[in-house]
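This briefing covers one protein chain, from its overall make-up down to single residues. Please look over the sequence and the structure before reading on.

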Amino acid sequence: FDVPVGDAGRAVTTIEDQGEPLAVLVHDVVVLDDPRLVAGVTAAAQLAVANARMQAQVQARVAELAASRRRIVEAGDEQRRRLAAELSSGAEQRLVDVDRLLGDLAAAADGAAPVGLSELQAEVRGALAELDEFAQGIRPSALGAGGLRAAIPVLAARATVPVAVEVSVGRLPPAVESAIFFFCSESLANVAKHAHATRASVDVVGVEGHVVATVDDDGVGGADPRGSGLRGLADRVEALGGTMDVADAAGGGTRLTASMPTAADGEGTG
C-alpha cells in the first residue's frame with residue numbers, strides 16, 4: 001500500500017525482524033511522544049506478522065505435500081497404463097501368435113496332429129486368459145477405452161454377488177477415473193471377503209464439481225475404517241483431494257462413499 005510521504009500529521013515507523021523490514025506502522029505523530037507505546041505496538045505487530053508468516057509457511061508445506069501425494073498416485077497410474085500396454089503388445093501378442101501357429105499346425109496335420117498338440121493349445125489359451133486377467137487388474141482396457149461407464153459394469157459382472165450399477169458421469173481425468181475404479185473394485189472385493197452379502201450396488205454420480213462413488217451391500221456390516229484395506233483406499237482418495245466415508249447402510253450392511261474433485265488438474269468432466 002502507499003506509505004504517506006510529507007504528511008505532517010502522520011508518521012511511519014518501520015518494523016524489522018532480524019535486520020529485515022517486516023512491516024510499517026502508519027500512525028499519528030503524537031504517538032512518538034510515548035516510546036513505550038511505540039515499543040508495545042511494534043512488538044504486537046511483530047508477533048502478528050510472524051504468526052501470519054508461520055501460517056503461510058505451514059499452508060505452503062501442506063499444499064506441497066498434497067501435490068506430492070497426487071504426483072505419486074498419478075505416476076503409479078501412468079506406470080500401470082504403460083505396463084498394461086506393454087503386456088498387450090508384447091507377451092500377450094506373442095501368445096496369440098503361438099496359438100495361431102498351433103492352430104495352423106493342427107489344420108495342416110489333417111487329423112494326424114502330433115500327440116499333445118491339443119493340450120499345448122489349451123495351455124497357451126489358459127496362459128492368455130490368465131495374462132488378460134492380470135492386465136485387467138493392472139489397468140482395465142475398458143477404463144481406458146470408455147471410462148467409468150464402460151469399466152464399472154465389467155467390474156460388477158465379475159463380482160460374487162449381483163451388483164446393481166448406475167454411472168452418470170462422462171470422461172474424467174485419468175487419475176480420478178483410476179481412483180474411482182479401484183475404490184469400487186476394492187469395495188466389492190471387501191463385500192466378497194467379509195460382508196456375507198446377497199447383493200450390492202455401485203452408484204457413481206457428479207455433484208458440483210466432484211465425482212461421488214457409493215458402494216452399498218446388505219451384509220453383516222461392521223466394516224472397520226481403520227483396517228489396512230480401507231485405510232489404503234482412503235489414502236488413495238485423499239491423495240487426489242478427496243474424502244472417504246464408511247457408514248452403516250440403510251437396512252443393514254455397509255456403505256462406502258468416496259468423493260473427489262473432477263477438475264483438480266484443470267480438466268473438465270467431459
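The model is predicted. Its chain contains seven helices and seven strands, and 33% of its 270 residues are buried.

**Overall make-up**
- In sequence order, the elements follow the pattern β-β-α-α-α-α-α-β-α-β-β-α-β-β.
- Of the contacts between residues at least 6 apart in sequence, 59% join residues at least 24 apart.
- The chain has an accessible surface of about 15800 Å². Carbon and sulfur atoms account for 55% of that area.

**Strand pairing around strand 5**
- Strand 5 spans residues 210-217, and seven of its eight residues are buried.
- Strand 4 (residues 200-207) runs antiparallel to strand 5, and eight bridges join the two. Within this pairing, Gly206 has Val211 in strand 5 as its bridge partner.
- The two strands, strand 4 and strand 5, form a hairpin with two residues between them.
- Strand 5 also pairs with strand 7 (residues 254-261), again in the antiparallel sense, over seven bridges. Here Val212 stands opposite Ser259 of strand 7.

**Nonpolar core**
- The largest nonpolar core holds 39 residues. Leu148, Ile180, Phe183, Cys184 and Val204 have the most contacts inside this core.
- Elements that each supply at least two residues of the core include helix 5 (148-157), helix 6 (174-195), strand 4, strand 5 and strand 7. Helix 6 gives the largest share, with 11 residues.
- Leaving aside residues up to four places away in sequence, Ile180 touches Leu148, Val204, Val211, Ala213 and Met260.

**Non-glycine residues with positive phi**
- His196 is not a glycine, yet its phi is positive, at about 55°. His196 sits in the loop between helix 6 and strand 4.
- The relative accessible area of His196 is 65%. Exposed means over 50%, so His196 counts as exposed.
- Glu208, likewise not a glycine, has a positive phi of about 50°. This residue belongs to the loop between strand 4 and strand 5, in the turn of the hairpin.
- Glu208 has a relative accessibility of 78% and is therefore classed as exposed.

Note on methods:
Residues numbered from 1 in each chain as written. Predicted model: local features only at pLDDT ≥ 70, side-chain atom pairs only at ≥ 80, totals over all residues. Heavy atoms only, no water. Helix = DSSP H or I, 4+ residues; strand = E, 2+ residues; numbered from the N terminus. Buried < 20%, exposed > 50% of the residue type's maximum accessible area, 1.4 Å probe, protein only. Contact = heavy atoms within 4.5 Å. Areas by Shrake-Rupley, 256 points an atom, 1.4 Å probe, with all protein chains shown as cover. Pairing = 2+ DSSP bridges. Core = buried A, V, L, I, M, F, W, Y, C linked by side-chain atoms within 4.5 Å.
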